[in-house]
Amino acid sequence: DMTLGTVVNPEILNVSLGVDIDVLMNSGWNWMSFNVYTEDMALNNMLSSLDDNAEYIKSQSGYADYYAGFGWFGTLGDMDNLSMYKLRMGAADNIVLTGMPVDLESTIFNLSSGWNWIAYAPQFDLDINTALVNIPDGNAEYVKSQAGYADYYSGFGWFGTLSDMQPFLGYLLRVNTDTQFTYSLGDGLARYDSYDYESNTHDVFDVNMHDYEHNGTMTVALYDNGERIQSSDYLLAAFDESGDCVGHTQSTAFPFDGGNTIFPLMVYGNEDGVGLTFKAYQLSTGQYHEIDQRLSFTHDMTLGDGFDPVVMNLAAEPTEFSIGNPYPNPFNPVVNFDVEITNESYVTAKIYNISGQEVATIHDGMLSAKNHQMRWMADSYASGVYFIKVIIDNNPATHKKIVLLK
């Protein structure tokens with residue numbers, strides 16, 4: 001029979017509008033952010049559910065390491081709803097917490113000219129042209145997530161492989177002048193459909209973006225015998241110096257110049273300066289085509305756009321090569337072998353021991369179309385069995401056994 005409160009002096013009840021969060025963080029690198037806040041935004045509270053599975057985190061201005069049994073320590077102490085974070089996981093685990101949703105109108109992003117690591121504040125997916133409509137026309141140039149990117153075309157809007165922005169993901173946004181903005185839930189610009197990255201992936205190439213800390217992008221126009229390829233029959237793929245695929249994309253029509261075909265390619269890497277080679281894969285024939293161009297990876301590189309794409313050309317003809325037998329063999333301490341190629345090519349020649357460990361690099365770079373003599377001076381190496389491995393334009397060319405006898 002209790003009677004609590006009156007009309008004049010009512011009992012006050014506080015209603016919690018908390019949001020339950022349960023988000024997977026993959027093994028490796030994750031570009032992530034929070035669209036909720038708690039009373040305690042410290043790393044050790046926000047990431048407490050990850051336990052010892054987390055290793056390292058950094059924002060644009062600070063970082064912290066995870067020490068098992070102790071927790072997080074570094075220059076990054078608290079998280080916020082404005083920043084993107086790069087989180088490295090030793091094993092996959094879920095961030096689990098309850099927080100209050102951020103208020104979009106009061107969550108103001110103060111962007112500096114250049115690169116900005118930004119969080120995604122809304123509670124649901126939004127088309128990129130809607131989400132970023134409050135950025136004044138022309139102030140923003142480029143935005144990317146861990147998996148896709150988009151360029152801003154003044155008067156048209158955003159276009160690229162990134163079409164929707166999503167909760168808990170982080171983004172790198174480049175602006176050309178200091179800008180303030182808040183996320184919008186209203187209508188964006190009259191927009192064109194961006195390239196549908198998810199529905200246009202293929203099993204021909206395999207890339208795990210979580211293996212890489214950085215990425216970069218290039219918008220490519222592909223040519224064959226001087227004519228631009230205007231077909232959806234091709235995939236464009238990039239390879240690093242080890243021959244691993246580090247990015248691939250299918251062609252799409254660029255809507256702002258009459259529908260010319262472009263290849264919006266995102267490539268991944270952990271170190272700057274790594275050489276990149278490229279191949280085109282023809283879906284209808286299953287044939288690989290070599291591409292003449294060579295580039296070096298630089299994190300956050302943005303090469304070309306829909307109006308001014310990077311031009312790449314299919315090689316006029318496949319490179320033919322021959323690898324001579326090593327001589328003398330057995331040897332002490334110098335062994336020689338000849339490499340003959342018919343087109344300028346990227347050639348890697350390395351020495352491995354019997355355990356499969358790389359012990360020396362003989363050559364790693366471009367070679368002209370002729371016969372080249374390679375030499376390994378092994379005076380500082382122990383006697384034993386070694387192997388010469390030669391890769392030409394990411395194609396394994398030979399694997400020859402040699403014996404060092406001292």
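Me: What is the relative accessible area of Y67?
Reply: Y67 has a relative accessible area of 40% and is therefore partly exposed, that is, between buried (under 20%) and exposed (over 50%), with a 1.4 Å probe and protein chains only. This is a predicted model, in which local features need pLDDT of at least 70, side-chain atom pairs count only at pLDDT 80 or more, and totals for chains, interfaces and linings use all residues. Residues are numbered from 1 along each chain as its sequence is written, and side-chain values use heavy atoms, without hydrogens and water.

Me: Where does Y67 sit?
Reply: Y67 lies in strand 5, residues 63-67; a strand is a DSSP run of E with at least two residues.

Me: How many bridges join strand 2 and strand 7?
Reply: Five bridges join strand 2 to strand 7 (residues 85-89), in the antiparallel sense. W31 stands opposite K86 of strand 7.

Me: Changing topic, how many residues are in the largest nonpolar core?
Reply: That core has 25 residues, counting buried Ala, Val, Leu, Ile, Met, Phe, Trp, Tyr and Cys joined through side-chain atoms within 4.5 Å. Among those touching the most other members are M218, L236 and F278.

Me: Which strand gives the most to this core?
Reply: Strand 23 does, with five residues. Other elements giving two or more residues include strand 18 (214-224) and strand 24 (275-282).

Methods:
Helices (H or I, at least four residues) and strands (E, at least two) are DSSP runs, numbered from the N terminus. Two strands pair if DSSP finds at least two bridges between them.
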